[in-house]
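Subject: Structure handover

Hi,

My notes on what turned up follow below it.

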Amino acid sequence: MTDTAMAATALGKRFGRRGGWALRDCAFRLPAGRVCAVVGPNGAGKSTLLALAAGLLAPTEGGVTVLGTDPASARARVGYVAQDKPLYPQLTVAETLRVGADLNPDRWDAETAGRIVSAGELDPKKKIRSLSGGQRTRVALALALGKRPELLLLDEPMADLDPLARHELMGTLMARAAQYGTTIVMSSHVVAELEDSCDHLLLVGGGRIRLAGEIDDLLGAHARVSTAVSTTAGAAGPAPATGGAPGGPPDLAPHTVVESRVTGRQLTALVRPAGPLAEDWRASTPSLEELVLAYLRNPQAAPLTPAEPEEAAV
Amino acid sequence: MTPAAPADAPAGPAGRRDDDTTEDGTGTGRADGRTAWGTARTVLRLHRTALLVWTAAVLFLNGWLVRLDKTATQGEFAEWEACERAGQDLCDMPVGWVGHSEWLACIGLLISFCFLAVAAFAGGTLIGRELENGTARLAWAQGITPARWLTAKLAVPALALTAGTTALLLVYRRVWGAHQNLTYSGWTGDDAYLSRGPAGLAYVLCALAVGVLTALLLRRALPALAVSVAATGLLAFVVARCRGSFWPTVTRTSAEAGVDPPANAWELENGVLVHGRRTPDLSPWTCDGTAAEARRCLDDLGITGFYTTYHPESHYWPLQLVETGVVLSVAALATAAAFLLLRHRTATASTA
């Protein structure tokens, strides 16, 4: 029906009439079937973005479409796990899953939900309030996956899990994505956690989308260059040895500079090349972590969100 | 809108999915019904303890009332009759104050003001705690809309409360009416006015709605509990102050002496007529002495008669029904406001 899992246009959310904007002017498009990482510092607006997509909040301005319709209409087909993994403390694990079955009468997959819970060796008769953080995460994920979502929104899903459980549950999620084409959107501030499993990136900072696109494309669009300061500073005699002096900044134009730093006689920079790079520069592809950190450290760097949401309408 | 279109759904484990697909073909009504039932069952599961406590309270109070009616009364009734036969005054004093009447009044007060507990439950446990913990979001992230969630959260407790309160009101009404001469306070007393008529039920339902609204406004359990109890208490206080004006009163006048309202009437005002105008500040017993002295005194003051304004006991039903209507209107307004607020907060399906 549609190949867009999620798209936003001029999306903004402000809490309270006088409160600050948690999210403003967000535009992006996420194709279906991707595993998308939503990355950003604490308080960047990641949770707000996911809650808007899940239809739990009404946007202040703009809009977001989910699975080709509005979030409220897509509710039955979207799974969502909130950051603090809220569950009813007075219910047992088995009762929690029964709630999932009752509230999703046409979609509930008891087998999948039961498998995820039993993989954690959880006693179904145990009360939720007696579970550890990681065990609660497991039950919350079972509840979200049990409704056979086409889009799964996970807010910091792996934060409470031990490495073993993290690996196992990540495997379950990826298998789900591969088998049913489920789109998975997960937020985290630990980039390394997502690098292996995600193929799409949304970098949120200061309530805006800073980077959006396929991770490979984003990495390909950037280059980490390093060069000696004296050569690019022009033939002005012996270059100043003190790094970072404004006297001799190497000319990186016409490329878009995300971040540049001078250490000793060495200039390293992360740029978005606008053409061929100078020959005496050593260039390499940055890692995802380097890319994300460079953008987070430099809030003034121009955002790169190539996918226009208008494409979603086609 | 809500029922899943099977074509869009990813294929689940084969057998299960097939069952669902065939059922979907029968129409959306059935799916809606199953969702409604599933949601109601979830609400029952979540508030199991509250339901058990309520059921136990209703059974206990009703049992106590029946026991009062059956056993405790007989002895006292005999005593009262003996007292009456002996021609003593104030027979309800030694009998009523410490026996039947006291317990009956105690239960009556519990029934009349149980809406305060309902307000605490609705504001704190039913909605406030869910919003504070984020479990409300857990429910909204399932296949039901927030509006449907709120509907179930209101409807299931409303049913349980209506059933329980109705039982209490009917039993109390019967027990109170059976031995009215043993009760100390009359039909207008705090213990017997709300606990015998539909207004008692209206307050309970109104407390539920007001509690839900305050919880949605405040989004935290403890403040919502406090505000909701205070708000319903204030409402009950204000309505009780206006109660006398809910139905036209009866006024009796006399030119000779102070008028007494009939037995069991609810006297609202009495006083004297000064040149035909009602003056409640002047007591009918301002002038005393010999008849001639009193006459002169009255003439000096310009007192032409006496009056009393009251509701006879036959006004109980009209007064009850008007009060029920007023309180239920408040409940309806609170419910509508709660739905509007929830609609404003969460994303709703576009009409397109």
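A residue is called buried here if 20 or more other C-beta atoms lie within 10 Å of its own. By that count, buried residues make up 36% of the 352 residues in chain B. Keep in mind that this is a predicted model.

**Domains**

In chain A, domain 1 covers 4-215 and domain 2 covers 223-284. The centres of these two domains of chain A, taken over C-alpha atoms, are 41 Å apart. In chain B, domain 1 comes in two pieces, 39-247 and 316-345. Domain 2 of chain B spans 266-311. Here the centres of domain 1 and domain 2 of chain B are separated by 42 Å, again over C-alpha atoms.

Strand 1 (residues 4-14) of chain A runs antiparallel to strand 4 of chain A, and five bridges join them. For a point to click on, A:Thr9 is opposite A:Gly63 in strand 4 of chain A.

**Chain A: strand 7**

Is strand 7 (residues 183-188) of chain A enclosed or open to the outside? Six of its six residues are buried, so strand 7 of chain A is largely enclosed by the rest of the structure. A:Thr183, A:Val185 and A:Ser187 point one way. A:Ile184, A:Met186 and A:Ser188 point the other way. Both sets are buried.

Strand 7 of chain A has parallel partners. Five bridges join it to strand 3 (residues 35-39) of chain A, and these two run parallel. In that pair, A:Ala37 has A:Met186 as its bridge partner. Five bridges also join strand 6 (residues 151-155) of chain A to strand 7 of chain A, again parallel. There, A:Leu153 stands opposite A:Val185. Between strand 6 and strand 7 of chain A, the chain passes through helix 5 (residues 163-180), and this β-α-β crossover is right-handed.

A:Val185 deserves a look of its own. Leaving aside neighbours within four places in sequence, A:Val185 is in contact with A:Met6, A:Leu30, A:Cys36, A:Val38, A:Leu50, A:Leu152, A:Leu153 and A:Leu154.

**The nonpolar core**

In soluble globular proteins, nonpolar side chains tend to be buried together. Which residues have the most contacts inside the largest nonpolar core? They are A:Val185 and B:Val212, in a core of 160 residues. Helix 9 (residues 198-218) of chain B gives the most to this core, with 16 residues.

**Chain A: helix 1**

Helix 1 (residues 46-53) of chain A is mostly covered, with eight of its eight residues buried. Among them are A:Lys46, A:Ser47 and A:Thr48, along with A:Leu49 and A:Leu50. Just after this helix, A:Gly55 takes a positive phi of about 80°.

Strand 10 (residues 223-228) of chain A pairs with strand 12 (residues 266-272) of chain A over six bridges, in the antiparallel sense. Strand 10 of chain A is also joined by three bridges to strand 13 (residues 282-284) of chain A, and these run antiparallel too. A:Arg224 shows both pairings. Its bridge partner in strand 12 of chain A is A:Leu270. In strand 13 of chain A, the partner of A:Arg224 is A:Ser284.

**Chain B**

The secondary structure of chain B comes to 12 helices and four strands. Take its contacts between residues at least 6 apart in sequence: 82% join residues at least 24 apart.

Why does B:Gly124 count as buried? Because B:Gly124 has 23 C-beta neighbours inside 10 Å, and the cut-off is 20 or more. Setting aside neighbours within four places in sequence, B:Gly124 is in contact with B:Arg129, B:Ala221, B:Leu222, B:Ala224 and B:Leu225. The C-alpha atoms of B:Gly124 and B:Val229 are 9.8 Å apart, and the two residues are 105 residues apart along the chain.

Best wishes

Terms used: Residues are numbered from 1 along each chain as its sequence is written. Chains are lettered from A and ligands numbered from 1 in the order in which they are written. This is a predicted model: local features need pLDDT of at least 70, side-chain atom pairs count only at pLDDT 80 or more; totals for chains, interfaces and linings use all residues. Domain bounds come from an automatic or database domain assignment. A residue is buried if 20 or more other C-beta atoms lie within 10 Å of its own, exposed if 12 or fewer, and partly exposed in between; C-beta atoms are placed from the backbone. Two residues are in contact if their C-beta atoms, placed from the backbone, lie within 7 Å. Two strands pair if DSSP finds at least two bridges between them. A nonpolar core is a set of buried Ala, Val, Leu, Ile, Met, Phe, Trp, Tyr and Cys residues joined through C-beta atoms within 7 Å. A crossover is right-handed if, with the strands pointing away from the viewer, the path from the first strand over the helix to the second runs clockwise.
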